[in-house]
Amino acid sequence: MQNLSDPVVIKSILSKHGFTFSKKLGQNFLINPSVCPKIAEMGGAGQGAGVIEIGPGIGVLTHELCLRADKVVAIELDSRLLPILDETLSEHKNLRIINADVMKLDLKKVIAEEFPGLKVVVCANLPYYITSPVIMKLLGDRLPIESVTTMVQREAADRLCAPLGTRESGAVTVAVSYYCEAVKLFDVKRGSFLPSPEVDSSVIRLTPRKNPPTVPDEKLFFGIIKALFSQRRKTVLNSLSGAVGDRDTALKILEISGISPTLRPEQLLMDQFIAICSAYSDTVNPDLSRPQ
Ligand code: SAM
């Protein structure tokens, strides 16, 4: 097995295949040898586990996953990487590579077909340009997965894992904490990648809740969250007034919810977002439930 963390080895493999990095596809490959084993271990790749990896690149994390898990399915969009993966991971018989855009793939079907009888986890060094959409797809589709352990940009990690009610929280924090528990596992410096990105990263783990909170209508709930955070400097009253169309209705919703109109969206907790949603659906026609 070649050392896929060694920049000299990586450059020689890539030049042999005439491969050049695509910035557009978020191609920053890991070269810090301690990171992939840690993601695999902390991500639950082990006996009895099936692992979905998103974006294997040249296979540095895939190799660590294959060493530990019963089966690995790696989804790679860039078909130029397929002959490289064939070469670098030829020793692993428990690996299937799917050449597809993860955003367009029916992951429920993949899980049912590829991992019967296994507990399923997702491990990845996600391409940064689609971090949030991929996470929302994994969580929103309610896939039968135990956890998602992934590298994301440090700023995204801080936002995704922020406690509600703090300045760092945003619409994505509310959405993620609705579906799961999010924890930051460890930080990774920009020099751990080839090419080196302009920002540092962190590895986070998302664990879907067995019993997510109950809301009257999920679409409406997420519509309200989006509207509230669309202007985070405004008070909840102003954001809600803009969303519902008039100040009196917004005031009424906040009164029913028991929420001070002068609070800012980032100061609210999950119960308060849910209360706004319930009061809204009791009070007005749920226009916000339309996809925006
Ligand atoms: N796992 C490798 C590593 O850690 O070195 C590569 C990670 S690199 C940050 C992201 C990978 O995701 C690239 O291989 C890129 O081609 C792939 N990718 C980008 N967009 C994708 C998509 N929509 N679906 C599947 N893979 C994608």
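The paragraphs below go from the ligand and its surroundings to single residues elsewhere in the chain.

This is a predicted model, in which local features need pLDDT of at least 70 and side-chain atom pairs count only at pLDDT 80 or more, while totals for chains, interfaces and linings use all residues. Residues are numbered from 1 along each chain as its sequence is written, and side-chain values use heavy atoms, with hydrogens and water left out.

Start with the ligand. The shell around the ligand holds 23 residues, and the closest are Leu30, Gly55, Glu76, Asn125 and Tyr129. A residue is near a molecule if one of its heavy atoms lies within 4 Å of it. Sorted by class, the shell has 13 nonpolar, 6 polar and 4 charged residues. In this sorting Ala, Val, Leu, Ile, Met, Phe, Trp, Tyr, Cys and Pro count as nonpolar, Asp, Glu, Lys and Arg as charged, and the others, Gly among them, as polar. Strands β1 (29-30) and β3 (71-76) each supply at least two residues of this shell. Helices (H or I, at least four residues) and strands (E, at least two) are DSSP runs, numbered from the N terminus.

At Asn125, an N or O atom in the side chain is 2.8 Å from an oxygen atom of the ligand. At Glu53, an N or O atom in the side chain is 3.4 Å from a nitrogen atom of the ligand. Taken alone, the ligand exposes 590 Å², and the protein buries 99% of that. Such accessible areas come from the Shrake-Rupley method with a 1.4 Å probe; for residues, only the protein chains shown count as cover.

Where does the ligand sit? The ligand is in the largest cavity. On a 1 Å grid over the protein atoms alone, a cavity is a set of points where a 1.4 Å probe fits but cannot get out. A molecule sits in a cavity if more than half of its atoms lie within 2 Å of its grid points.

Next come two residues of one loop. His92 is found in the loop between α4 and β4, and Asn94 lies in the loop between α4 (82-88) and β4 (95-99). His92 is buried because its relative accessible area is 11%, and Asn94 counts as buried because its relative accessibility is 18%. Buried means under 20% relative accessible area, exposed over 50%, and partly exposed in between (1.4 Å probe, protein chains only). The side chain of His92 makes a polar contact with the side chain of His63 at 2.8 Å. The side chain of Asn94 reaches the backbone oxygen of Cys66 at 3.0 Å. A polar contact is a pair of N or O atoms within 3.5 Å; within protein, one must be able to donate a hydrogen and the other to accept it, and residues adjacent in sequence count only if both atoms are side-chain atoms.

The backbone has two details to look at. Most residues other than glycine have a negative phi, and most peptide bonds are trans. Arg142 has a phi near 50°, a positive value in a residue other than glycine. Arg142 lies in the loop between α6 (131-140) and β6 (147-153), and it counts as partly exposed because its relative accessibility is 41%. Leu194 and Pro195 are joined by a cis peptide bond, with omega about -10°. Pro195 belongs to the loop between β8 (193-194) and β9 (201-208).

Separation along the chain and separation in space can be read together. Val236 is in helix α10 (residues 236-244), and it counts as buried because its relative accessibility is 0%. Val236 and Arg264 are 28 residues apart in sequence and 5.3 Å apart in space, C-alpha to C-alpha. Asp187 lies in strand β7 (residues 180-188) and is partly exposed, with a relative accessible area of 44%. Pro83, in helix α4, is 195 residues from Ser278 in sequence and 53 Å from it in space, C-alpha to C-alpha.

How values were computed
1 Å grid on protein atoms, 1.4 Å probe; cavity = no way out; pocket = protein on both sides within 12 Å on 5 of 7 lines; lining within 4 Å.
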